[in-house]
2 protein chains.
Amino acid sequence: MGLRFEIVAEDTTTGARAGLLHTPHGVVETPVFMPVGTAGTVKGMTQAQLEELGVQILLANTYHLYLRPGHEIIRELGGLHRFMGWPRAILTDSGGFQVMSLKSLGRVTEDGVWFKSHLDGSSHFLSPERAVEVQLALGADIIMTLDECVEYPSSHEAIHRAVKLTGRWAGRAKEKLSAISSQRSASEEPPSPQSPAPSPQQSAIGNRQSSIPAPALFGIVQGGVDRDLRRESAEGLLELDFEGYALGGLSVGEPKAEMYEVAEYTARLLPRNRPRYLMGVGTPEDLVECVARGIDMFDCVMPTRNARNGCVFTSQGKVIIKNTKYARDESPLDPACECPVCRRYSRSYIRHLLVAGEMLGAILTTQHNLHFYIDRMRKIRQSLLFGAFAEFHSRVRAEP
Amino acid sequence: MGLRFEIVAEDTTTGARAGLLHTPHGVVETPVFMPVGTAGTVKGMTQAQLEELGVQILLANTYHLYLRPGHEIIRELGGLHRFMGWPRAILTDSGGFQVMSLKSLGRVTEDGVWFKSHLDGSSHFLSPERAVEVQLALGADIIMTLDECVEYPSSHEAIHRAVKLTGRWAGRAKEKLSAISSQRSASEEPPSPQSPAPSPQQSAIGNRQSSIPAPALFGIVQGGVDRDLRRESAEGLLELDFEGYALGGLSVGEPKAEMYEVAEYTARLLPRNRPRYLMGVGTPEDLVECVARGIDMFDCVMPTRNARNGCVFTSQGKVIIKNTKYARDESPLDPACECPVCRRYSRSYIRHLLVAGEMLGAILTTQHNLHFYIDRMRKIRQSLLFGAFAEFHSRVRAEP
């Protein structure tokens, strides 16, 4: 097991807990929000800025990196951490969500998914085994099984079929990872005196590869908003025993209350001592609500994408900063915020930058929004450590 | 005089000198390269990154800020330093160069220039007096007189006419600044007991305005590549006695050797104890060559614009980083460079970012190129302080 998960505090009245996720690239304090670094970069942020924000783990999209620059190039260059210059933890998704949600969707078969590149229209095939191989080439600390995520709403039959297929694919992914891991251990035996010395280049690549421990593999629970199907999906995965469990197929259009309920129901089906990751969620409110329901990990493009569109999160609610009323507003984005952006720049300046299409506008709003999300998670965690989560929870609920 | 210029070292065989320019926003070590912050931002850089790079002064374009967000808004918000969150020195141009070089050129009259906004086509008028007023609203430390810059090549008659007009405009700019400065000093007399108390808002704006000292005004020598016209232009300006002198109308298409010769000839016409600013120049080689010819200050979009196009400056010459041959290149942009970009990121990664159109690509190449320029100026200055400029000069000449 590459991933030790330690629970350090639990709320007495809700499912909320604080933990430590020990990865080969550092300890991640949970609950945690993972910024999305689609193409190996969190849009507009330098890695130094991410470190300053306190980011301990980020998410990268296998689909995008597989197509460009290509996972083989990243493998040759020593993996994604080295490629990006990012020494902390990385989680990669399986690529399945992009393949199925981008309009280019080809065909889902028992074996895997055919899809077309959004870049050049070329045809590609992604199977559960292939998704593992590609993610191993990228070298993330946590990788995901390929799953089928159906749209909302879907028929009971379609969701059930996806649950079954996701379960079979999860098994195949796990087998593939075990097979590769045992091959790797075998090949790491000291070479016999007869074997030729590796060339310096091979040696360098070999050393890099073998220095990357096998990643932790997470299974993904599907089942839409149907409790029975969620249970069936979870039970199938639990038999396979994953190092962590994700909740997929939520926040895809279902009512918010339904999402919270299904998240809570599903989290309770999962083992206490494994991390639980709610994929693609969500708003600042969602973070608190879903921590209360037992979730440890989140990712979402919302803070970064909204930032580029000029929508910033503040203690007073969302601010659409391009609005004319901010043209002469000397106050910071959020008067209650202590991020590097709010300590230095005014709303009027940031509005000017966005209106003028200047890169710095998107840079500053992104930095602020990520700080808002990470700071929120930090406060949630602190409240758990001090036994004050209920108080924090009700304070957030009372916010605008 | 708001601007004390102190010469701290002079080369014995060339016109090169090292100095200290004491501005209300800090000391600027010369020779200096000023990054261009067109719309109140050096594209892609945060102000903190500029500080880390060691930028002591930057240039902002009056034309762009006048049109958007508007100089009156910036005045109300306490001036450009405050608006941008930039505590170090700023130089603004007069706006004339953009007005005359953008295709929108209206009409040059004795009184000033009519032009159309590139944003919405609206008509505007810029006179020497107006250029001073707008720059005072922006609140820069160093401001420029409105000049007429003719294209290369132009007839002797056209250049001569521009020299004469530039001279008359310089006189009008100087008068305008003196008139405003004496008005300001008068209005800063303690209020009489009869005068009504200012409203809190007026008071705040008033305090900010009066806390900004009158800027230093630089005159601009024109005259194309004609020595006699350069002399005539310089002599006219010297009679008016400016706090610094700029060389305009160079690097506009004339042969490089001609540019160097005219820069040298013109610099020799100017007083030793005033800073000399060569506008819009240039390449890394130009910086050394023109320091050798007596120039103290430079600005150019080259490091920042080239960066966004994927062209980076290195100790080995220019590198077009999008080139396929860098796809698997693990070395930094410049192996001899110690900037934050070269310490952390590879050519392969930066190439990937630029090919994928990711903001971080432009951010990193900009940071590196600015470091290259600023580092070069630092080395030039060090060589002057240690009496080793000739050696440095010949080493740079031998570079690829």
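Q: How much area is buried between chain B and chain A in this predicted model?
A: Carbon and sulfur atoms give 54% of the buried area. Arg344(B), His352(B) and Met359(B) supply 19% of what chain B buries against chain A, more than any other three residues. The area buried between the two chains is about 3,600 Å².

Q: How many residues of chain A are in contact with chain B?
A: Contact here means heavy atoms within 4.5 Å. On the side of chain B, 43 residues take part. Their partners in chain A number 42.

Q: Which residue of chain A meets Glu330(B) in a salt bridge?
A: Between chain B and chain A the count is 8 salt bridges. In the one with Glu330(B), N to O is 3.1 Å. The partner side chain belongs to Arg82(A).

Q: How many charged residues has the side of chain B that touches chain A?
A: Helices H1, H3, H4, H14 and H15 of chain B each supply at least two residues of this side. By class, it has 22 nonpolar and 10 polar residues. The charged residues number 11.

Q: Which strands stand at the edges of the open sheet in chain A?
A: The sheet has 8 strands in the order S4-S14-S13-S12-S11-S10-S6-S5, with parallel pairing. An edge strand has a single partner, so one side of it is left without a neighbour in the sheet. The edge strands are S4 (32-34) and S5 (57-60).

Q: Which residue is the bridge partner of Phe218(A) in S12(A)?
A: Strands S11 (residues 216-221) and S12 (residues 244-247) of chain A pair in the parallel sense over 4 bridges. Helix H9 of chain A touches both strands. The partner of Phe218(A) is Gly244(A).

Technical notes
Residues are numbered from 1 along each chain as its sequence is written. Chains are lettered from A and ligands numbered from 1 in the order in which they are written. This is a predicted model: local features need pLDDT of at least 70, side-chain atom pairs count only at pLDDT 80 or more; totals for chains, interfaces and linings use all residues. Side-chain values use heavy atoms; hydrogens and water are left out. Two strands pair if DSSP finds at least two bridges between them. Axes are lines fitted to C-alpha atoms, for helices over the stretch in contact, and angles run from 0 to 180 degrees between N-to-C directions. Buried area is the accessible area (1.4 Å probe) that two parts lose on being put together, summed over both. A salt bridge is a side-chain nitrogen of Lys or Arg within 4 Å of a carboxyl oxygen of Asp or Glu. Ala, Val, Leu, Ile, Met, Phe, Trp, Tyr, Cys and Pro count as nonpolar, Asp, Glu, Lys and Arg as charged, and the others, Gly among them, as polar.
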